[in-house]
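Here is a briefing on one structure. Please read it alongside the sequence and the coordinates on display.

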Amino acid sequence: MSSELRELYQTVILDHYKKPRNFGRPEGADHMAEGRNPLCGDHVKVYVRLDDGKLAAVGFEGSGCAISTASASIMTQAVQGRTRAEFDALFARFHDAVTGRNASPDALASLGKLEVLAGVREFPARVKCATLAWHALGAALDGSPEPVSTE
Ligand code: ZN
């Protein structure tokens with residue numbers, strides 16, 4: 001990765017960290033789940049309103065590191081309007097990218113804005129930060145009443 005690109009990604013991550021998008025509980029939210037990453041101290045609550053099988057509104061609250069907050073913020077934008085199956089497919093691709101299982105240029109390009117987080121694959125300890133909100137959203141969609149943990 002070029003240093004210019006790395007800097008750009010860093011800038012986008014910090015922007016989402018300082019000004020998280022869709023922060024708070026969306027009106028009419030009907031699913032919620034909590035996620036904790038004790039290794040880093042990240043804590044997130046993810047809310048979603050399902051409408052006709054689609055993720056009509058997604059929001060989050062909580063506090064955590066720049067990676068976990070930016071991932072939650074960008075996720076809420078990336079999954080907007082998608083079906084459950086589309087969310088699962090996107091999470092699978094995102095997971096492959098941040099763990100380095102599949103970080104080919106095509107795979108990264110298919111992630112859109114989420115690509116800025118793919119550099120996490122060089123820091124395995126941060127993978128849990130990057131995927132925390134995703135696990136929580138999955139749990140919320142499953143209707144799980146229990147808080148999810150990355151442990
Ligand atoms: Zn973290």
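Buried means under 20% relative accessible area, exposed means over 50%, and partly exposed lies in between (1.4 Å probe, protein chains only). At 13% relative accessibility, C65 therefore counts as buried. The model is predicted: local features need pLDDT of at least 70, side-chain atom pairs count only at pLDDT 80 or more, and totals for chains, interfaces and linings use all residues. Residues are numbered from 1 along each chain as its sequence is written, and side-chain values use heavy atoms, with hydrogens and water left out.

**Zinc site**

- The zinc ion is coordinated by C40 (SG), D42 (OD), D42 (OD), C65 (SG) and C129 (SG), at 2.2 to 2.7 Å.
- Donors are N, O and S atoms within 2.8 Å of the metal (3.2 Å for Na, K and Ca); water is not among the atoms, so sites may look incomplete.
- Along the sequence, the donor residues follow the spacing C-x1-D-x22-C-x63-C.
- D42 lies in strand β2 (residues 42–51) and C65 in the loop between β3 (54–63) and α2 (66–78), so this pair ties together parts that are 23 residues apart in sequence.
- Helices (H or I, at least four residues) and strands (E, at least two) are DSSP runs, numbered from the N terminus.
- D42 counts as buried, at 2% relative accessibility.

**Helix α2**

- α2 has 13 residues and reaches 18 Å from its first C-alpha to its last, close to the 18 Å expected at 1.5 Å a residue.
- The expected span of a helix is 1.5 Å times one less than its number of residues.
- Of the 13 residues of α2, 11 are buried, so this helix is largely enclosed by the rest of the structure.
- Among the buried residues of α2 are I67, S68, T69 and A72.

**Helix α5**

- α5 (residues 127–142) has 16 residues and reaches 22 Å from its first C-alpha to its last, close to the 22 Å expected at 1.5 Å a residue.
- α5 bends by about 30° at A133.
- The bend at a residue is the angle between axes fitted to the seven residues ending there and the seven starting there.
- α5 is mostly covered, with 13 of its 16 residues buried.
- W134 is in helix α5.
- W134 counts as buried, at 0% relative accessibility.
- The C-alpha atoms of W134 and V46 are separated by 8.8 Å, though the two residues are 88 apart along the chain.
- Just after α5, G143 takes a positive phi of about 75°.

**Cavity**

- On a 1 Å grid over the protein atoms alone, a cavity is a set of points where a 1.4 Å probe fits but cannot get out, and a pocket is an open set with protein on both sides within 12 Å along at least five of seven lines; lining residues have an atom within 4 Å of a point.
- Grid points are joined across faces, edges and corners, and a volume is the space filled by probe spheres set on the points.
- Searching the whole structure finds 1 cavity of 30 Å³ or more.
- The largest cavity holds about 60 Å³ of space.
- Its lining includes D42, S68, T69, A72, L132 and A133.
- β2, β3, α2 and α5 are the elements that give two or more residues to the lining of the largest cavity.
- By class, that lining has 5 nonpolar, 6 polar and 1 charged residues.
- Ala, Val, Leu, Ile, Met, Phe, Trp, Tyr, Cys and Pro count as nonpolar, Asp, Glu, Lys and Arg as charged, and the others, Gly among them, as polar.

**Pocket**

- About 270 Å³ of space lies in the largest pocket.
- The largest pocket has 14 lining residues, of which Q10, I13, I67, G119 and F123 lie nearest its centre.
- α1 (3–18) and α2 are the elements that give two or more residues to this lining.
- α1 gives the most, with 5 residues.
- The lining of the largest pocket has 10 nonpolar, 2 polar and 2 charged residues.

**Loops**

- N22 lies in the loop between α1 and β1.
- N22 has phi near 55°, a positive value in a residue other than glycine.
- N22 is partly exposed, with a relative accessible area of 35%.
- F23 is in the loop between α1 and β1 (31–37).
- F23 counts as partly exposed, at 46% relative accessibility.
- F23 and E61 are 38 residues apart in sequence and 5.8 Å apart in space, C-alpha to C-alpha.
- D52 is found in the loop between β2 and β3.
- D52 also has a positive phi, near 60°.
- D52 is exposed, with a relative accessible area of 78%.
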